Structures are given as C-alpha cells and as structure tokens.
Amino acid sequence: MCRWLSYIGDPVYLEKLVFEPRHSLVDQSLHAEQAKTPTNGDGFGIGWYDDRPTPGLYREILPAWNDPNLRSLAHHIQSGLFFAHVRASTGTHTSRSNCHPFAHDKYLFMHNGQIGDYPLVRRSLEAMIDDEHYAARQGSTDSELIFCLMLTLGLVEDPHRAIRRTIEIVENEMKTRGATAPFRFTACLSNGKSICAIRHASDDKPPSLYWRKRNGHVIIVSEPLDTDADSWAAVAPNHTLHVDGNLVVTEEATLS
C-alpha cells in the first residue's frame, strides 16, 4: 500500500510537507504507521500546479528518501495545489510510468489500494476504456486503469458520477470474474482548481484517509503528518471529500 498527500491553499514550498514535518511523507516512505507495510520504496512522484493550465510532474523509481533531485525540487517549487506520493507496489513492476501521480490534460490522479485479484479482471476492464484514453495510458497499474476509466466515463463533465460509475463497474466485474480479494480505493483527483478525495473499499477495511483545515489551506493525507491527533479528521468509509478553490470542505457518500 502507498502513502500520499495533497495540498490546496496559499502557495507554499513543497518541502514544507514532503520533508519538514515530524512524520513527513518522506518519513512515511520509511516508517508508515497505518499501512500494511512500513516501507514505501517502489518509487515516488510529485505533481503541482502553477500559472500554466496543466500540472508539472516529476516521477522517479528511486525511493523518496534517496533522491537528491526530490529534495532540491521540493526546496524550490512553490505551489497552491500539489500532490505527492510514495509507492509500495501491489504487483506491477517498478518504472516511472507506474509511479503516481498520473496526469492527463489538466487532471492529476493518485491512488492507494488495489483491485483485488487484478489479473482476473484486467483485460475486461481495459476493454471498457475508450480509444483516446487507452492510447494515452503509459503504465500497467490498476491505478492508472481506474483513472482511464474515470476519464472514459465522463470525468470532465460530471466527476462524482464518473467516480461512482467506475467503482460500480470495477466491483461488478470483480464479482462476475470470481475475484475474492477486496477492492481498496483511497484516491485523490484534481482539475487544478479543486480537490476530490475518495475513501472506499468493498469490505470493511478501507485504507486510512485524513484531512485538516488551517490558516488558509487544506491538507489531505494517508496518515497524519504530526502527533496533533485532534487536528486531523478521518474521512468516513465509502465517502468522498470535496475541497473547492475557496477551501469549502464537503463530504458525501461516494455511491449516493
């Protein structure tokens, strides 16, 4: 399982969250506390928005704690909306194209979790992706497949419906193909102006997800960055968290 964070608010340097907190994302890449495995060393990535309409992206197969380029970029890049992700592979190989976040046009997407028994459903789910987004797919992960399905199912026009339909299709296909392992889906999506985070599972064990609003920003994380437990709110299981450009936070049932 992976660890990730997203930030929206007053521009800050990425190092403020990626490196500096006691339990920063880089610390979590070595010492995750709420994941199946404590180490997330199968690559990492950052995605950020600036004055351009499409996001910047840097992904690498080195562990996050062992890449001097990440430290330098995080020290110099300032953004009011960014993603960061450290990867623990659930079966697909370690390559830049399999590292998160994934980008398409103005969108960023990253994921923690997995489609249970992925080899059983991979081919049939890939066949549901339209030609445009199938051609743009670069890697082999179930995470990028989910992103392509969302885009195929109308993410641009109606994000909540696209997320809901994607979850329904994945779970229906797993049932049809006889998959017994659960679907775990804690993910984050942005169009450069707002953030949508989802915490969902087909069983009663969705991966952890928290958020905090403070002093002109909202942070969403796989696990808290510090020991101030009372300041972090858990996203309810099978719910979606929306944060708009004015930092208005709303939460609703994902499949409603």
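Start with strand 10: 5 of its 5 residues are buried, so strand 10 is largely enclosed by the rest of the structure. Buried means under 20% relative accessible area, exposed means over 50%, and partly exposed lies in between, with a 1.4 Å probe and protein chains only. Strands are DSSP runs of E with at least two residues, helices are runs of H or I with at least four, and both are numbered from the N terminus.

Before going on, this is a predicted model: local features need pLDDT of at least 70, side-chain atom pairs count only at pLDDT 80 or more, and totals for chains, interfaces and linings use all residues. Residues are numbered from 1 along each chain as its sequence is written, and side-chain values use heavy atoms, with hydrogens and water left out.

Which way do the side chains of strand 10 point? His217, Ile219 and Val221 point one way, Val218 and Ile220 the other way, and all are buried. In a regular strand the side chains alternate between the two faces of the sheet.

Now the neighbours. Two strands pair if DSSP finds at least two bridges between them. Strand 1, residues 3-13, runs antiparallel to strand 10, residues 217-221, with 5 bridges; Ser6 has Ile220 as its bridge partner. Strands 9 and 10 form a hairpin with 2 residues between them, and Asn215 in the turn has a positive phi of about 40 degrees.

The whole sheet is open, with 7 strands in the order 3-2-4-1-10-9-11 and antiparallel pairing. Strand 3 (56-60) and strand 11 (233-234) are at the edges with a single partner strand each, so one side of each has no neighbour in the sheet.

Last, the rings. Rings of Phe, Tyr and Trp (its six-membered ring) pair if their centres lie within 6.5 Å; planes under 30 degrees apart are stacked, over 60 edge-to-face, and the rest tilted. The count comes to 5 aromatic pairs. Tyr7 and Phe82 are stacked, at 5.2 Å centre to centre and 20 degrees between the planes. This pair links Tyr7 in strand 1 with Phe82 in strand 4, 75 residues apart, and both are buried.
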